[in-house]
Amino acid sequence: FPTSTYIQIWADTQRELDAMLQREREEFLQPQEDREKVMKMLATAYIQYLEIFRNLEAAHDHLIHQQKRAAVRRALDAVMGRVLEIKKEMVALEKSECHYMDAMLLDLKRVPEDIEIPIPKYFIKENLKILQEREKLLNEILLNAGLLEQEPVTALTLEEGIKVIQVAERARQGRARAAFMRKIYLEEKRQSKKEEEGAGKSPDAAATCIQKVWRGYSQRKETEKLREEEMIFLGMVSGASLPPDVEAMISLKKANALQGEVQERENFPFRQELKRTEGPHIKETLQDQITQCFVECRHITGRFPDYPPEKTGGSKAIFIEKHPEQVVEELAGKKKAEKKEEKNEKGKKAETKKAGKQVRQGRELGKPEAKLRFVVEGWKMGPSNFLPMLEEGSSQYQVFWENRDNRSDFLQDHDPELIKGGEREEVEEEIRVQVDEVMKEKLLKIKQAVDGETGTQKAGKEKKKKKKDTENPGRGGHENLLMSLACRTIDSLYQELAEEGLLIKVKDVNLSDYIGYYDCLRNILRETGAQPMPSIPEVRQLVTLYGILPLGSQTVRENAPLVKSLLLAGPAGVGKKMLVHAICTETGANLFNLTPSNLAGKYPGRNGLIKMLHMILKVGKELQPSVVWIGDAEKMFSKPKGEEVNPKRLTKFLPKFLRALKSKDRVLLVGTSSRPFDAKMKPFCRAFQKIILIPKPDYLTRFGKYFKHYILQRGGALTKLVNLNCLAQVSDGFTQGHVVDVVHTVLTELRLLQMARRPLRTAEFVASLARHDPVYKEEEETFQ
């Protein structure tokens, strides 16, 4: 599509976003008492925001204009965060991670695929070069440490080498002989032409000559075509024409690469021009404002204030601070507010007593407590960190981009005024630092001249404090350890973690590879009040919401509801590890493996464990995003049963590790568990904020997605002898891993070579499937 198409998509989406903001102001700010009505409002907003999210992501990915992409990016991040906020409200309302949305989808004329959450491509595109360099470095470290198998290089034997030389020599001789014969042919042709010129040609001879030339030309073209097809068949496609679909894919990749190069072009540097034109005026204004503040402060307090240190922001703190008179007024206002709060608290206590009586009466009558809370208090949407961003982005769009004529901007070049507006803040910050140095010296001279202060006493006190600090250093158990880690570089820590096998290579798996159909029958169970296991599309949505979006976007991570830890629980073979690798692939995250079996013999003792966790924290935060994976997480919270490795090593330090993660750190703890019911529930559930149950595939997914997909992907051919319906019925209770293993076991290289004369049969897959144990009904009920 041309650029104008995506500009129009952006404009239409922005209008839809403005309508959504207006609707939120009207509906969400009003208290609601009907629980079903609230859920319908939230689900409708959730679906509409996802559509806006999808359109903004498409526009951001294809637009070339840097400033337009920046504006779309701000709106895109804010919409992602708003989706997470609405999801949090829905979970709190229904006490469930999965929701019944079929009725809302019908009302809005949507299909279940419309609630699939897109993954922005800029997560990888913007850091592609860094990620490629990091992957190359990790491969080198793992190869040198012997943890990665290098592809074997086969050397030629003496006989094979002689054959290659003989073939090359015979080809050279053939080319030389062909050139010699061509010379002879051309010489004979010249002589015949001379004879014909003397005798003259008849019309029949001329027609024969034309036919001869045309037949030779057409035969050469046909031979070239056959040769190209043979080269494609042999896999030697260099210089040969490719099939149309392959050529289309290659051209699409080239277009995407070219688009990325165009999108990454740098803007013209306007900083020097701003410094030259506006720098003197900014400097003079800052000096006048700082001087005025000092004079007013001396007039009120009787002395000049101390200059704020650079740690607190320098002269920024002066403009933030208030006058002494304003501070006195605020203190008086606070005292009045405290008295009012005391009165309100007394009134609230009386109200809560009445509400408690109503709740008790409701329990006696069998009414759920959630409904009574709605009757007593009413529901109201919580405060949002992203609505102000959306409103600000909407106003900026109306000012800068709504009425802009894009037809004349063929090159999609930058707008100088917008760039200056962004650069002006950085120029002001640089000039402010220079002004602070000048004004510090000026303030000291004024103090010395007017008040007689020298400023040496404070410096002496600071020196004494420093001496005391150095004389009485802390005697913590692991201070020396942390100091040694602080002195080391990130590269050395990264290399050590990789050599120890704690930093592992991520498998190239996308979230879309976790395939499965949306199961509408589960929603019928929800209507009866039961809580069925989530379907595969619902698992994809939850992993995207809680794992991929916060790790990919710094804005979403800092302002959205914070999720530090995530647990994927389900039977063996349902794809838990695959989802962990998919999170890392979609966000470009590092993967740290803290599975108890992987920690055996590494970093022994308490200090060793502390050192390891600090190393992972330091590297993970510096090279974020990062995922810390703990496989078999239930073993950390259960009694060890005669195992050589103590799986409970991390249990005590896991809460401290999570507390060390702040909202700005794009680090996620992901646990996987195939037997979560073996763990002690209270500490286990405290360690993981979100728990997602991974289901085994249903009939439709096994029929259409797994057997058919993997057989064709492996190179097999489906005939009438392969009954997919029978395979889907027989494989009830088996997981995705079982199906993949069965297909790989049956379709060996030898079996694929025999495919033409001996087609595949259903019995081959059934016999292989019988060697596996399914997930029995008792185990599935235990998971639920």
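The following legends describe close-up views of a predicted model.

**View 1. Packing of helix 1 against helix 2.** Two packed helices are described by the angle between their axes and the distance between the axes. Helix 1 spans residues 3–28 and helix 2 spans residues 35–62; they pack at an angle of about 155°, and their axes are 9 Å apart. Angles over 145 degrees count as roughly antiparallel, and helix 1 and helix 2 are therefore roughly antiparallel to each other. The crossing of helix 1 past helix 2 is left-handed.

**View 2. Residues in the contact of helix 1 with helix 2.** From helix 1, the contributing residues include Y6, I9, W10, T13, L17 and F28. Helix 2 contributes, among them, M41, L42, Q48, Y49, I52 and H62. By class, the residues of this contact comprise 15 nonpolar, five polar and four charged.

**View 3. Helix 2 and its N-terminal cap.** Helix 2 consists of 28 residues and extends 41 Å from its first C-alpha to its last, close to the 40 Å expected at 1.5 Å a residue. Its N-terminal end is capped by D34, a side-chain oxygen of which lies 3.3 Å from the backbone nitrogen of E36.

View 4. Most residues other than glycine have a negative phi, and most peptide bonds are trans. K95 is not a glycine, yet its phi is positive, at about 55°. This residue, K95, is placed in the loop between helix 3 (66–94) and helix 4 (102–107). The peptide bond from Q624 to P625 is cis, with omega near 5°. P625 is located in the loop between helix 23 (605–622) and strand 4 (626–630).

Terms used. Residues numbered from 1 in each chain as written. Predicted model: local features only at pLDDT ≥ 70, side-chain atom pairs only at ≥ 80, totals over all residues. Heavy atoms only, no water. Axes fitted to C-alpha atoms, helices over the stretch in contact; angles between N-to-C directions. Helix = DSSP H or I, 4+ residues; strand = E, 2+ residues; numbered from the N terminus. Parallel < 35°, antiparallel > 145°, perpendicular 65-115°, else oblique. Left-handed = near helix turned anticlockwise from the far one by under 90°. Contact = heavy atoms within 4.5 Å. Nonpolar A, V, L, I, M, F, W, Y, C, P; charged D, E, K, R; others polar. Expected span 1.5 Å × (residues − 1). Polar contact = N/O pair within 3.5 Å; in protein donor to acceptor, adjacent residues only side chain to side chain.
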